[in-house]
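Colleague: I'd like to go through this model with you and ask what stands behind the words you use for it. Could we take the terms one at a time?

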Amino acid sequence: MSRRDYIRRAKEIIADRRAESINNFEKNTQIASAYIKGFAEVDREIALTGSKIMGQALGRTGEGSSVEEIKREYDALVQKKKELLKENGYSEDFCEIKYHCALCSDTGYVGINMCSCLKRELVIASLEDSGLYSLADEQTFENFSLDYYEKDDKIVMSQNLKMLKDFSENFIPEKSDSFLFLGATGLGKTHLSTATATAVIKKGAYVVYESALKMFSDYEARRFGNNGYFSEVDEDIEKYVDCDLLIIDDLGCELTNQFTVSCLYNIINTRMIRHKSTIISTNLSQSDLRKRYSDRIISRIFGEFKPLIFRGSDIREQKIRNKYKK
């Protein structure tokens, strides 16, 4: 999903909330008008008085009362409306619009600035699309435990943790670094990848987190489905070069061939030219990477990416052993 799709989805949610608030207001007004004697007349007078105030503000003064007199009339009618509601067992604000967000009245913007409610929906949409929504609370920097590492391994992993926290906190699109996560399975690469992605997303950046297998599958779909016209498939793979941060998980799990190697080179090279940050996570050793991928790819990865070595004993196995010890 593209950044444009995230924004559209988030705006639709905010718009639905506003529509719901207005719909509830209209229903309550209809109820009060039907069951409270004189309510409808007062409500109409409030609307007319409000129009007079607007007319004065726009310079259409004409003859009649002053602005101050109209405002006093308006306030008196509003108070009468509240009293009618209260006298008949309703709350004074029964016929007021109750927006979900008091800051922006469910418009998504405060002035020209994006409201925090719209930013929050963008974060949720991005997390859901990346598949991280369910993991966002489970795999954070705060709950990444160094207790599973010993001696030098613990020092190295503590340094990795600090470096990635600093990277996330200070992330700037087109200016931040790229990383290569190297290490066997079960050493925390996925946990720290998720924590990094979530933290950067919450800063408002466009993040794509995808397995190498799925990424190359998307490119395969375009290769065999391209009919000469721009399609949804084309738009879908553009995210791999357009996003502010791309995290490629488990590089080396795919069936490596000339096509996948070419795709990987184009992705890495394009992102480097655009100064886009990339994180590649792999279980392969440096020598295995050199054997599997072209010299052009290897020279770019080892020349431009900061390598983070993940060391220790398989955490999953440790957790299983600890479970059965109890």
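Modeller: Let's start with strand 7 (residues 306-309), which runs parallel to strand 3 and is joined to strand 3 by four bridges. This is a predicted model, in which local features need pLDDT of at least 70 and side-chain atom pairs count only at pLDDT 80 or more, while totals for chains, interfaces and linings use all residues. Residues are numbered from 1 along each chain as its sequence is written, and side-chain values use heavy atoms, leaving out hydrogens and water.

Colleague: What makes strand 3 and strand 7 a pair?

Modeller: Two strands pair if DSSP finds at least two bridges between them. Strand 3 and strand 7 have four bridges, so they meet that definition. Within this pairing, phenylalanine 179 stands opposite lysine 306 of strand 7.

Colleague: And which strand pairs with strand 3 over four bridges in the parallel sense, besides that one?

Modeller: That is strand 6 (residues 277-282). There, serine 281 is the bridge partner of phenylalanine 181, and leucine 180 stands opposite isoleucine 280.

Colleague: Why is lysine 81 called buried?

Modeller: Its relative accessible area is 14%, and that falls under the 20% cut-off, so the word applies. Lysine 81 lies in helix 3 (residues 67-87); helices are DSSP runs of H or I with at least four residues, strands are runs of E with at least two, and both are numbered from the N terminus. Leaving aside residues up to four places away in sequence, lysine 81 touches Phe39, Val42, Asp43, Ile46 and Cys95, where contact means heavy atoms within 4.5 Å.

Colleague: What does methionine 163 count as?

Modeller: Partly exposed: methionine 163 has 34% relative accessibility, which lies between 20% and 50%. Methionine 163 is in helix 5 (residues 151-169) and touches Phe179 and Leu308, not counting residues up to four places away in sequence.

Colleague: What puts the buried residues of helix 11 on the same side?

Modeller: In helix 11 (residues 295-304), these are Ile297, Ile298 and Ile301. They cover an arc of only 95 degrees around the axis, which puts them on the same side; the arc is that of the directions from the helix axis to the C-beta atoms. On the other side, Asp295 and Gly303 are exposed. The cover over the buried residues includes strand 3, helix 9 (258-273), strand 6 and helix 10 (286-292).

Notes. Buried < 20%, exposed > 50% of the residue type's maximum accessible area, 1.4 Å probe, protein only.
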